[in-house]
Amino acid sequence: MPQFWLSLSTAPLLLGILSEKALAQWLQTAGEASEEILRGDRLPILPFPHSSTPK
């Protein structure tokens, strides 16, 4: 009888492990994408050179 319960619990356990890996991968990808979007906020403001004509 324990073998029957073990065989019934194997499929949901494997499905849970695969779902956890897929969710972790998706969260990592979403984090990298949001970092790329917000990357410009951390850049310093550089002085713009004004074109001046030599005298």
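Reader: In which helix does F4 lie?

Author: This is a predicted model, in which local features need pLDDT of at least 70, side-chain atom pairs count only at pLDDT 80 or more, and totals for chains, interfaces and linings use all residues. Residues are numbered from 1 along each chain as its sequence is written, and side-chain values use heavy atoms, with hydrogens and water left out. Helices are DSSP runs of H or I with at least four residues, strands runs of E with at least two, numbered from the N terminus. The run that spans residues 2–38 holds F4, and this is helix α1.

Reader: Is F4 buried or exposed, or partly exposed?

Author: Buried means under 20% relative accessible area, exposed over 50%, and partly exposed in between (1.4 Å probe, protein chains only). F4 has a relative accessibility of 42%, and therefore counts as partly exposed.

Reader: How is W5 classed?

Author: The relative accessibility of W5 is 51%. W5 therefore counts as exposed.

Reader: Which kind of aromatic pair do F4 and W5 form?

Author: Rings of Phe, Tyr and Trp (its six-membered ring) pair if their centres lie within 6.5 Å; planes under 30 degrees apart count as stacked, over 60 as edge-to-face and the rest as tilted. The count by this rule is one aromatic pair. F4 and W5 lie 5.4 Å centre to centre with 70° between the planes, and the pair is edge-to-face.
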